[in-house]
Structures are given as structure tokens and as C-alpha cells.
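Subject: Structure for you, with notes on charged pairs

Hello,

Here is the structure I promised to pass on. Please have a look, then read my notes below.

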Amino acid sequence: MSETHAFERSHDILITAPAATVLDYVCNPNSWPEWLAASHKIDSPDRPLRKGDTFRENWHTRSGPAVLDWLVTDCEPPHLWIGETSTDFIGTIIVRYDVEDAGNGEVRFTRTMINPARPKPPTEDQIARMDAEAEVALANIKKNVEARAG
């Protein structure tokens with residue numbers, strides 16, 4: 001059995017909106033192409049997905065396109081959503097969304113990406129790109145949710 005490497009990275013942002021509004025937006029995969037550059041096409045019901053739901057995402061990486069078949073493994077509205085998929089290039093991908101009350105009408109939205117068993121650890125350059133992409137994605141989520149909530 002070959003060696004694998006666990007990797008986890010979280011990013012968060014404050015959003016002025018109710019927790020349910022934030023979670024419902026991000027756990028409807030049809031919103032992903034609006035805020036996530038790698039997500040190009042979604043085959044999913046146009047609604048927030050709940051535990052047991054599945055969907056397909058056409059994703060684009062630097063090495064080319066990928067089709068990801070997702071399963072929602074946990075969902076506790078309005079605070080938690082977890083989806084999981086598997087790839088041949090980095091193994092399992094788990095995405096976790098947490099929404100917590102931050103006071104003053106704001107919530108803290110945290111997006112965590114987990115690779116429990118990557119074939120090799122990400123490079124410093126890959127981590128820097130992930131961080132930059134996450135910063136743009138979270139800013140897009142904030143802008144889109146606040147425009148809809150306001």
C-alpha cells in the first residue's frame with residue numbers, strides 16, 4: 001500500500017445575512033459556478049441539497065476537466081453541510097460548510113476542504129493558489145448572498 005497524505009484547509013468570511021440564507025445558497029450546487037471558478041456545470045435539482053442527495057459537477061483544474069459525483073453525507077440546517085466525492089488524482093474530497101452566528105446580524109461562513117488521503121502533499125504553490133481561489137470564492141458568496149438578503 002502506498003503512502004498517502006492528509007490535507008485540510010479552511011477559509012472563512014463574515015456575511016450579513018441569516019444563517020439559513022447563507023447555508024441554503026452554498027448547499028444548492030447550482031450556485032457553485034456563480035462563486036467557484038473551478039465549477040463549470042452542475043447536474044442537480046435547483047434547491048439546497050440535504051443528506052443523501054447526489055449531484056454531478058463538471059470541474060476544471062489546471063490539468064484539465066474532471067467529472068465529480070457528489071454525495072451529501074451530512075446536513076444540519078442552518079449550520080452544517082458536508083459533501084463528498086472521489087477523484088483518481090487526489091483521492092477523496094470532502095467539502096464542509098459551517099455557518100455560525102457572529103452577532104450584529106452577521107454570520108461566519110467557513111468552507112473547509114479535506115483530502116484524507118492524497119497520493120502526495122500539495123506544494124506551496126498549490127496551497128497559495130487554493131488560498132487565492134478561496135478568497136475570491138468567499139467574496140463572491142458574500143456579495144451574492146448579501147444582495148439577495150438585502
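First, the term you will need: a salt bridge is a side-chain nitrogen of Lys or Arg within 4 Å of a carboxyl oxygen of Asp or Glu. Note that this is a predicted model, where local features need pLDDT of at least 70, side-chain atom pairs count only at pLDDT 80 or more, and totals for chains, interfaces and linings use all residues. Residues are numbered from 1 along each chain as its sequence is written, and side-chain values use heavy atoms, with hydrogens and water left out.

The count is nine salt bridges. Here are some of them.

Asp125 and Arg129 form one, at 2.3 Å from N to O. Both sit in helix 3 (residues 124-149), four residues apart, about one turn of the helix. Helices (H or I, at least four residues) and strands (E, at least two) are DSSP runs, numbered from the N terminus.

Lys142 pairs with Glu146 at 2.8 Å, N to O. These two also lie in helix 3, four residues apart.

Arg56 and Asp69 make a salt bridge at 2.6 Å, N to O. Arg56 is in strand 3 (residues 54-61) and Asp69 in strand 4 (residues 64-76), so the pair ties together parts 13 residues apart in sequence.

How exposed is Arg56? Arg56 is partly exposed, at 40% relative accessibility. (Buried means under 20% relative accessible area, exposed over 50%, partly exposed in between; 1.4 Å probe, protein chains only.) Asp69 is partly exposed at 43%, and Asp125 is partly exposed at 44%.

Best wishes
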